[in-house]
Amino acid sequence: MMKGLKKWRLFSLLAVMMVFLSGCGEDYLSTLKPSGEVGKQQLNLLLLTTVIMTLVVVIVSVIYLIAFLKYRRSRVGENVIPKQVEGSHTLEVIWTVIPIILLLIIAVPVVTTTYKFADVAAMDEVDEEGNKTALTINVTAKLYWWEFEYPNQGIITAQELVVPTGEKVYFNLKAADVKHSFWIPAVGGKMDTNVENLNKFYLVFDKESKDLKDGVFYGKCAELCGPSHALMDFKVKALSPDAFDAWVDAMKATEGQTADKASSDLGEATFANSCLGCHAISGSGAGGTPGPNLTTFGDRNRVAGFLEHNEENLQAWIKNPEEFKPGNLMMNAEGTAPIYGDLSDEEIEALATYIMGLSVEK
């Protein structure tokens, strides 16, 4: 008896905790506090299915308790056999039709909403001059970072996605190595990035991110992709349309920007000699470099997607990226040591200062 009471108390405590903890999500990360059209409709579907399933559980539990209390042996006697209802067409119809109705109530809005979210025909619409009217971003997932290309604007960035509010933003999703999954929890559901095929969908950002705790929405990789899967984060800046246009212009203004190997600035010279082969510092991403574009590194929210954004952490990352993200590709040709293993502490300090100064917003 006491064990039964303890189980019910534990169940009640967990139920109460779920109700209260569901309100603890942060705006920049929680699916329960959506900040976009897609996220809101997905939350509505979640609530619909939760209500229906809760109703089913409650009704079944009530029927069970009624039967348990009304027909217990201490009340009806030891030798009483309940009325047998096997073969009852009425009951068979009831427990067949009701589940069908409930499934239809769930299926119709889920299917129609799924097809709605899959409609990306507007990606190909053009204006009178032949320019595409929709904002499209090509997302490439890599071990363990994200590249964002704006083909119509001719710019590329990495790790920090910048989008305008109040309009549909379309995404072409692919992976460069293994399967990943693109997810911005507070804005909309996730979608896989595959090596073999291109996935497409759209999101809408209802509000600017500047008033959020860290000034950004948090993005995640939602597919186990390797030892540093949990650290494959990215951030999203949602700007007003005018601010977004200004950001695009600032990125375009960096066209042709590069580092000089003969520079008197030790950080710039070190970057040109040791980093420029993998990292572009112009908004166009000229050169097709294999590593993340660093044009806006000074404007980012994190180092390597998860470390606090400061020179000390950047220096530590440069010295040994494997320590922070096991399995990442910022290694030498043999994959046994960091590329920057032959740099002096002075050069690394100057390099970190130079990279932190790369900005289009300051």
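Me: Where does Leu69 lie, and why is Leu69 called partly exposed?
Reply: In this predicted model, Leu69 lies in helix H2, which covers residues 37-70. Its relative accessible area is 46%. Buried means under 20% and exposed means over 50%, with partly exposed in between, so Leu69 at 46% counts as partly exposed.

Me: Which residues form a nonpolar patch on the surface?
Reply: Tyr64, Leu65, Phe68 and Leu69 form this patch, and together they have about 430 Å² of accessible area.

Me: What makes Thr113 buried?
Reply: The relative accessible area of Thr113 is 11%. Buried means under 20%, and therefore Thr113 is classed as buried. Thr113 lies in helix H4 (residues 89-117). Leaving aside neighbours within four places in sequence, Thr113 is in contact with Gln41 and Leu45.

Me: Why are Lys142 and Glu147 said to meet in a salt bridge?
Reply: The distance from N to O between their side chains is 3.7 Å. A salt bridge requires a side-chain nitrogen of Lys or Arg within 4 Å of a carboxyl oxygen of Asp or Glu, so the pair Lys142 and Glu147 qualifies.

Me: Are these two partners, Lys142 and Glu147, buried or exposed?
Reply: Lys142 has 15% relative accessibility and counts as buried. Glu147 is also at 15% and counts as buried.

Me: How do you know that Lys237 forms a salt bridge with Glu361?
Reply: Their closest N and O atoms are 3.1 Å apart. The cut-off is 4 Å, so this pair counts as a salt bridge. Lys237 lies in strand S10 (residues 234-239) and Glu361 in the segment after helix H9 (345-356), so the pair ties together parts that are 124 residues apart in sequence. Salt bridges that share partners join Glu160, Lys237 and Glu361 into one network.

Me: Why is Lys237 called buried, and why is Glu361 called partly exposed?
Reply: Lys237 is at 11% relative accessibility, so it counts as buried; the limit for that class is under 20%. Glu361 has a relative accessible area of 41% and is therefore partly exposed.

Me: Which residues gather in a patch of negative charge on the surface?
Reply: The patch consists of Glu167, Asp242, Asp245 and Asp249. Among them, Asp245 is found in helix H5 (residues 241-252). Asp245 has 42% relative accessibility, so it counts as partly exposed.

Definitions and conventions:
Residues are numbered from 1 along each chain as its sequence is written. This is a predicted model: local features need pLDDT of at least 70, side-chain atom pairs count only at pLDDT 80 or more; totals for chains, interfaces and linings use all residues. Side-chain values use heavy atoms; hydrogens and water are left out. Patches are made of residues with over 30% relative accessible area and no salt bridge: like charges are joined within 9 Å, nonpolar side chains (Val, Leu, Ile, Met, Phe, Trp, Tyr) within 5 Å. Accessible areas come from the Shrake-Rupley method with a 1.4 Å probe; for residues, only the protein chains shown count as cover. Lys and Arg count as positive and Asp and Glu as negative; His and the chain ends are not counted. The place of a charge is taken as NZ of Lys, CZ of Arg, CG of Asp or CD of Glu. Helices (H or I, at least four residues) and strands (E, at least two) are DSSP runs, numbered from the N terminus. Buried means under 20% relative accessible area, exposed over 50%, partly exposed in between (1.4 Å probe, protein chains only). Contact means heavy atoms within 4.5 Å.
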